Amino acid sequence: MTLLELQQIKESELAARKKIVLRCCMAAGCMSLDAKGVKKRLEKAVEEAGLQDEVEVVGVGCMKLCCVGPLVQADPDSPLYTNVTAENAPAIIAALKGGKAKLEQADPQSPFFTQQKSIVLANSGRIDPERIESYIAVDGYAALLHALTEHTPKDVIEVIVNSGLRGRGGAGFPTGLKWGTVAKSPGAKKYIVCNADEGDPGAFMDRSVLESDPHCILEGMAIAAYAVGADQGFIYARAEYPLAISRLQNAIKQAKRLGILGSGIFDSPFNFNIDLRIGAGAFVCGEETALMASVEGKRGTPHPRPPFPAEKGLWDCPTLINNVETLANIAPIVRHGAAWFSNIGTEKSKGTKVFALAGKIQNTGLIEVPMGTPLRTIVETMGGGAPDGRTIKAVQTGGPSGGCIPAQYLDTPVDYESLTTLGSIMGSGGMIVMDDSTHMVDVARFFMEFCMDESCGKCIPCRAGTVQMHHLLEKILARKATPRDLAKLEELCDMVKNTSLCGLGQTAPNPVVSTLRFFRNEYEELLLPETNGPPPATHNGSSKTPAATTAI
Amino acid sequence: MHQSTPASAASDKRFKILEAHIKKFQYRHDSLIEMLHKAQELFGYLEDDVLRYVAWQLKLPESRVYGVATFYHFFTLKPQGAHTCVVCTGTACYVKGANKILAAVEEHAHVKAGGTTADNQLSLLTARCIGACGIAPAVVYDNTVTPRQTPESALEQIRKWVTP
């Protein structure tokens, strides 16, 4: 494969494109609503209308507004049809010739779409994820070629450092710094791992990226491998995402066929292969040391750091582990330059962040916004607020490791530091909106049950602590607990947080701590009066906490 | 030296398919999870003989294979019912009432989450999150993701499979 051949593929792909491209969402959400049947019927309707020469029907990745799928849209600019069924197909085709279809539509000019800034999702819903040519037609793999032919590995790392990109898996570690460490680590054999074990319940950004644009992950991994000197990559994907897995397998096969993966890529001395590893349903495997154990075919239990994976990772070799969304940012940064990327976002958090907006909100789906966008813009302007005339009570970010941000803090800008200050975390990007019908103690119990089930059992604070905390939350919810129990719960939170081995245990108390911080009254309302002796002193006065149901 | 093949492996064609798969991955120890996926796909669940066979082929201690098979939620060591119903209990589904759906199915089919009905017709399972949060609450009936479920719609489906 050479530059010329890459351009030829692009040109022939663009030349073959018909005047009107009818895009059908083929991501998991719409697929479960018979998107496949819709696409088939549309193809038939095109033939019936004799428009084969003008119109083509293309299956694309996530078109973002998941709550009203299946979605169909025609290029160039035409209405976005929602809740499409196979029966609607003839009407959609008829509308292409001028008429107006009396079908459910969403406004592509609504804030849900116009407030988005797409880097990671730029190709999502636009290209066919099952064809590498479709990716090449939007300049896919041009960044890899550019990196291999114009840059030294050191240059590539410098670009990533200057871009200010931080890990999108949750902790926000500077990506360039991590790459530099792996590159500097001595060792003939190095690995790169894509963490696609999107375990947080309520998060589906990585699934959408993998389903919609699998090649951008392969390209990001190849650039990373070139930069750090690795020749073997692994993608560790969840078994719960069968569609993402099959599209990745297909993408790897296509890239190998074209010589974009394998030996002597783009006629350079660079060799790189990617293998897919399928998880088997263990949340802890999202933690990097546990993930590596799982890639090696072992029980996914974490081990203490240091040594960090960058020094001693897979099979004791230096290993670079990056999240899906982090890797999806790489090709655009290399293509457009570090300055372009660092102009987006805030001072410390550069670029965009993809959020999976779900829960009690009108517009559920996928959004990508510049870092620093206020929460209110996301949940109210873009998300449309809570349905059924209810009010938003809290927004949960960061999954079981995160916290609940109460409605009075909705003007907080979304960046790593601001969310941490509020006792939550950026996390991987799940954003669950809760309305006034949600009881926060029950939410805390829900997450604690999750952590209890998912604790791998290696270290005692997490294994036993989560069980005890869950027990105490059950007791509070059953109205059988006293203030003494609440104090015990807070004590346990502190202990589990500070003494657990890995991130799972260290962050397991977060949902309790954050709901106690902002919704303490909901806990206290459930307590029995103390019977023996005076109640123990608590850290915060309940008077500070505003009544949650009157928020906003 | 090889031990002798586990007894049941000789006659069952599925073991041949599994062996071919193990060979394809060059008997690598790190392919263990992949092999267990394949074995479960072929046999429906991981019975003792299958685990022994995988251990023997990969030359791994049986304890290691058993340890991995029991660590991951995806693997089951018990036979599954004729149909499966997986209720997603991720956060988005939870705030939209997945618990009520689960409770309704549990009550109707007389089975607890993780169990199989006495007549082996239905296995009721829960998932941490299937990533279908945009169409919550979601339930997976026999591998088909079904959006926006209610206790009523779930029972309608379950009634086709189980008579209380």
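Helix H2(B) is followed by B:Gly44, whose phi is positive, near 90°. The model is predicted; local features need pLDDT of at least 70, side-chain atom pairs count only at pLDDT 80 or more, and totals for chains, interfaces and linings use all residues. Residues are numbered from 1 along each chain as its sequence is written, with chains lettered from A and ligands numbered from 1 in the order in which they are written.

H2 of chain B covers residues 32-43. Helices (H or I, at least four residues) and strands (E, at least two) are DSSP runs, numbered from the N terminus. The twelve residues of H2(B) reach 16 Å from first C-alpha to last, close to the expected 16 Å. That expected span is 1.5 Å times one less than the number of residues. Buried residues of H2(B) are B:Leu32, B:Ile33, B:Glu34, B:Met35, B:Leu36, B:Lys38 and B:Ala39. Buried means 20 or more other C-beta atoms within 10 Å of the residue's own, with C-beta atoms placed from the backbone. Their cover includes H1, H3 and H4 of chain B, and also strand E8 (273-278) and helix H13 (288-295) of chain A.

The contact between the chains takes 39 residues from chain A and 32 from chain B. Two residues are in contact if their C-beta atoms, placed from the backbone, lie within 7 Å. On the chain B side, H2, H4, helix H5 (91-95) and strand E4 (144-146) each give two or more residues.

Away from its neighbours within four places in sequence, A:Ala224 contacts A:Trp179, A:Ile192, A:Leu320, A:Asn322, A:Leu327 and A:Ile330.

Conventions
Buried ≥ 20, exposed ≤ 12 C-beta atoms within 10 Å, placed from the backbone.
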